[in-house]
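Morning, everyone. I have one structure to walk through today. Here it is on the screen.

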Amino acid sequence: QVQLVESGGGLVQAGGSLRLACAASGRTFSSYAMGWFRQAPGKEREFVSAISRTGSSTYYADSVKGRFTISRDNAKNTVYLQMVSLKPEDTAVYYCAADLRFPATKNYMYWGQGTQVTVSS
């Protein structure tokens with residue numbers, strides 16, 4: 001069992017930056033690939049980015065490539081999502097998730113509760 005808690009969301013102007021963090025419980029964090037997803041109002045949840053268990057490989061949705069960077073610190077049981085050049089269309093609830101597969105873009109095993117990111121124009 002893995003419990004995930006996101007933090008770092010907030011309100012930012014277009015062009016600004018935010019860094020999301022996701023803290024995982026348990027001693028097996030490094031056994032899981034991690035992912036970030038987002039869900040905007042009235043839309044389905046969509047894949048944003050994934051990182052392998054060691055952090056050596058990453059994968060991004062085309063919509064965020066070049067603007068978002070995923071990373072992890074296995075010693076701290078934490079995965080991050082650095083977001084720059086934010087756009088109003090990035091507004092969504094952001095979720096982190098854990099799974100044994102990489103790269104996976106859906107059907108993750110464990111999910112956090114989400115953190116709201118709002119980008120004003």
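This is a predicted model: local features need pLDDT of at least 70, side-chain atom pairs count only at pLDDT 80 or more; totals for chains, interfaces and linings use all residues.

**Overall build**

Let's start with size. The protein has 121 residues, and a compact globule of that length would have a radius of gyration near 14 Å; the value here is 13 Å, which agrees. That radius is taken over C-alpha atoms, and the globule rule is 2.2 Å times the number of residues to the power 0.38.

Residues are numbered from 1 along each chain as its sequence is written, and side-chain values use heavy atoms, with hydrogens and water left out.

Along the principal axes, the C-alpha trace spans about 40 × 25 × 25 Å. How many helices and strands does the protein have? There are 0 helices and 11 strands. Both are DSSP runs, numbered from the N terminus: helices are H or I with at least four residues, strands are E with at least two.

Now contacts, meaning heavy atoms within 4.5 Å. Take those between residues at least 6 apart in sequence: 57% join residues at least 24 apart.

On burial, 46% of the 121 residues are buried. Buried is under 20% relative accessible area, exposed is over 50%, and partly exposed is in between, with a 1.4 Å probe and protein chains only. The accessible surface comes to about 6300 Å², and 47% of it belongs to carbon and sulfur atoms. Those areas come from the Shrake-Rupley method with a 1.4 Å probe; for residues, only the protein chains shown count as cover.

**The disulfide**

The structure holds 1 disulfide. The term covers a pair of cysteine sulfur atoms within 2.5 Å. Cys22 is joined to Cys96, with S to S at 1.9 Å. Cys22 lies in strand S3 (residues 18–24) and Cys96 in strand S9 (residues 92–99), so the bond ties together parts 74 residues apart in sequence. The S-S torsion of Cys22 and Cys96 is about 40 degrees, so this disulfide is right-handed. Are these cysteines buried or exposed? Cys22 and Cys96 are both buried.

**Two buried positions**

Ala21 also sits in strand S3. With a relative accessible area of 17%, Ala21 is buried. Beyond its neighbours within four places in sequence, Ala21 has contacts that include Val5, Trp36 and Val79. Lys76 is 55 residues from Ala21 in sequence, and 11 Å away C-alpha to C-alpha.

Next, Ser49, in strand S5 (residues 46–51). Ser49 is buried, at 0% relative accessibility. Tyr60 is 11 residues from Ser49 in sequence, with the C-alpha atoms 4.3 Å apart. Leaving out residues up to four places away, Ser49 touches Met34, Gly35, Trp36, Tyr59, Tyr60, Ile70 and Leu81.

**Backbone points to check**

Most residues other than glycine have a negative phi, and most peptide bonds are trans. Now for some exceptions.

Phe102 to Pro103 is a cis peptide bond, with omega near -10 degrees. Pro103 is in the loop between S9 and strand S10 (110–111). Asn107 lies in the loop between S9 and S10. Its phi is positive, near 60 degrees. Asn107 is exposed, at 61% relative accessible area.

Finally, Ser85, in the loop between strand S8 (78–83) and S9. Ser85 has a positive phi of about 50 degrees, although it is not a glycine. At 39% relative accessibility, Ser85 is partly exposed.
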